[in-house]
Amino acid sequence: MTDFNMATMASNAKKASRTAAQLNSSEKNTLLNAIADAVEENSAAIILENDKDITAGREKGLSEAMLQRLVLDEKGIKDIASAIREIVALTDPIGDVDKLSLRPNGIQVGKMRIPLGVIAMIYEARPNVTAEAAALCIKSGNAVILRGGSEAIHSNLAIAQCLHAVLAAHDVDPNIVSVIPDTSRGVIEDLLQQNETIDLVIPRGGEGLIRYVTENSRIPVIQHYKGVCHLYIDKDADLNKAVNILVNGKTQKPSACNAFETVLVHGEISGEFLPLAAKALKEAAQVKVHACKNSIGYFANAELATDEDYHAEYLAQEIAVKVVNTYDEAVSHINEYTSDHTEVIITQDISRGHQFVRQINSSVVMINASSRFSDGNQLGLGSEIGISTSKLHAYGPMGLEALTTEKFVVFGDGQVRV
């Protein structure tokens with residue numbers, strides 16, 4: 001678009017971030033409640049624009065996984081509004097001073113949580129991200145620049161209209177939330193060079209997008225390449241729990257990055273568990289199975305698993321299965337193929353569960369629970385702006401606190417250094 005300038009947008013966002021940082025909790029919550037109401041009140045218009053994206057996506061031949069991430073219906077709109085209201089209910093992290101300690105010379109040293117400044121988000125599909133990321137950034141006192149993909153442009157701009165209408169009605173700088181109207185690749189290239197005005201880039205989408213942003217950015221990047229989530233069925237597992245968790249984690253929403261992609265089964269219980277798993281996966285969703293030589297006989301129409309399958313993020317009704325001889329072999333497999341997203345153990349042995357938690361250092365590790373709980377909302381963050389599988393500066397689902405940093409504050413009474 002000829003009238004769009006990325007540097008100008010970033011500069012305006014930087015100025016607006018100073019306004020965002022000074023909003024108090026009451027002002028931020030008022031804005032967010034109004035945004036939630038506006039999204040619901042304009043649901044028909046948003047869904048109409050979303051239909052345009054769905055139609056265009058089908059014409060372009062987008063995968064079913066991508067289309068599933070793209071769709072917004074009445075429930076999806078209500079879910080967005082609900083997520084924003086949950087963010088309202090969360091404690092504002094900004095401004096509190098903690099870890100206050102008295103030094104021998106009488107000064108008191110503490111730390112105050114402050115906003116990062118300007119957050120840029122680059123994402124594919126998922127138009128709910130437009131509203132929820134904006135809400136998280138407003139609550140944490142940041143400005144945000146949102147660049148969605150071309151496949152969701154109508155949906156994103158419709159949601160942006162709601163956001164900007166609310167900001168204008170409350171006499172708040174609209175540049176606190178900026179939605180880029182240009183979907184060309186050149187805009188991303190320009191955005192990634194704005195290191196003097198943008199403080200952090202969060203790409204959210206396919207592995208190709210994440211790698212492109214990481215390799216081309218002059219701005220720090222939060223990375224989340226893919227979600228190869230493992231389920232390990234221990235020899236002391238409750239098999240009913242194991243089957244239910246497998247089915248939920250694989251079939252409820254296979255396009256999500258927290259869906260299971262590989263299941264590891266201890267050899268001692270494989271003969272009992274695998275027939276149950278095969279029956280349940282077939283009944284639930286006709287899941288395609290890539291099985292090792294020791295498990296392939298249990299699954300109809302299964303393919304022999306390759307090393308590629310254990311690296312795969314299927315994002316579909318598809319899963320890799322492997323029988324392991326020992327717990328240590330399971331841990332070794334996970335450590336080799338992990339994407340540092342989410343790993344789950346099913347076991348009734350408490351000590352084994354705790355051992356798993358200590359030995360596996362993915363961003364979320366669970367005992368006897370579905371990987372589908374690996375989500376900012378489910379983990380008590382209200383919502384998430386992304387999931388970090390790199391350890392700096394955040395790790396795992398990123399909520400309000402992950403969008404802040406800390407500064408030192410010192411309280412003195414005339415002390416000088418000697």
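The model is predicted, so local features are reported at pLDDT of at least 70 and side-chain atom pairs at pLDDT 80 or more, while totals for chains, interfaces and linings use all residues. Residues are numbered from 1 along each chain as its sequence is written, and side-chain values use heavy atoms, with hydrogens and water left out. Helices (DSSP runs of H or I, at least four residues) and strands (DSSP runs of E, at least two) are numbered from the N terminus.

**The largest pocket**

- A pocket here is an open set of points on a 1 Å grid over the protein atoms alone, where a 1.4 Å probe fits and protein lies on both sides within 12 Å along at least five of seven lines; lining residues have an atom within 4 Å of a point.
- Volume is the space filled by probe spheres set on the points, with grid points joined across faces, edges and corners, and for the largest pocket that comes to about 1,300 Å³.
- Its lining holds 45 residues, and R126, N128, K253, R372 and D375 are the ones nearest the centre.
- At least two lining residues come from each of α4 (64–70), α5 (74–89), α6 (128–139), β6 (200–204) and β14 (386–388), and α5 gives the most, with six residues.
- By residue class, the lining has 13 nonpolar, 17 polar and 15 charged members; nonpolar means Ala, Val, Leu, Ile, Met, Phe, Trp, Tyr, Cys and Pro, charged means Asp, Glu, Lys and Arg, and the others, Gly among them, are polar.

**The second largest pocket**

- The lining of the second largest pocket divides into seven nonpolar, two polar and three charged residues.

**The seven-stranded sheet**

- An open, parallel sheet of seven strands runs in the order β10-β9-β11-β8-β7-β12-β13, where two strands pair if DSSP finds at least two bridges between them.
- Because β10 (303–304) and β13 (364–367) each have a single partner strand, one side of each is left without a neighbour in the sheet.
- Four bridges link β9 to β11 (residues 318–324) in the parallel sense, and K288 has E318 of β11 as its bridge partner.
- Helix α11 lies across β7 (229–233), β8 (260–266) and β11, at about 145 degrees to β8; axes are lines fitted to C-alpha atoms, for helices over the stretch in contact, and angles run from 0 to 180 degrees between N-to-C directions.

**The four-stranded sheet**

- A second open sheet, also parallel, has four strands in the order β5-β4-β3-β6.
- Its edge strands, β5 and β6, each pair on one side only.
- Neighbouring strands in this sheet are turned by 15 degrees against each other on average, direction ignored.
- Helix α1 (residues 6–22) packs on this sheet by touching β3, β4 (143–148) and β5, and its direction makes about 145 degrees with that of β4; contact means heavy atoms within 4.5 Å.
- Strand β3 (residues 118–123) runs parallel to β6 and is joined to it by five bridges, with I119 partnering L200 of β6.
- Five of the five residues of β6 are buried, so this strand is largely enclosed by the rest of the structure; buried means under 20% relative accessible area, exposed over 50%, and partly exposed in between (1.4 Å probe, protein chains only).
- From β6, L200, I202 and R204 point one way, whereas V201 and P203 point the other way.
- In a regular strand the side chains alternate between the two faces of the sheet.

**Residues worth a look**

- A125, in the loop between β3 and α6, has a positive phi of about 50 degrees although it is not a glycine, and it is buried at 0% relative accessible area.
- D171 also has a positive phi, about 55 degrees, without being a glycine; it sits in the loop between α7 (153–169) and β5 (177–179) and is exposed at 74% relative accessibility.
- L392 and H393 are joined by a cis peptide bond with omega of about -5 degrees, and H393 belongs to the loop between β14 and β15 (396–398).
- R352 of helix α14 (residues 350–359) is buried, with a relative accessible area of 19%.
- Leaving aside residues up to four places away in sequence, R352 touches D234, Y327, I345 and T347.
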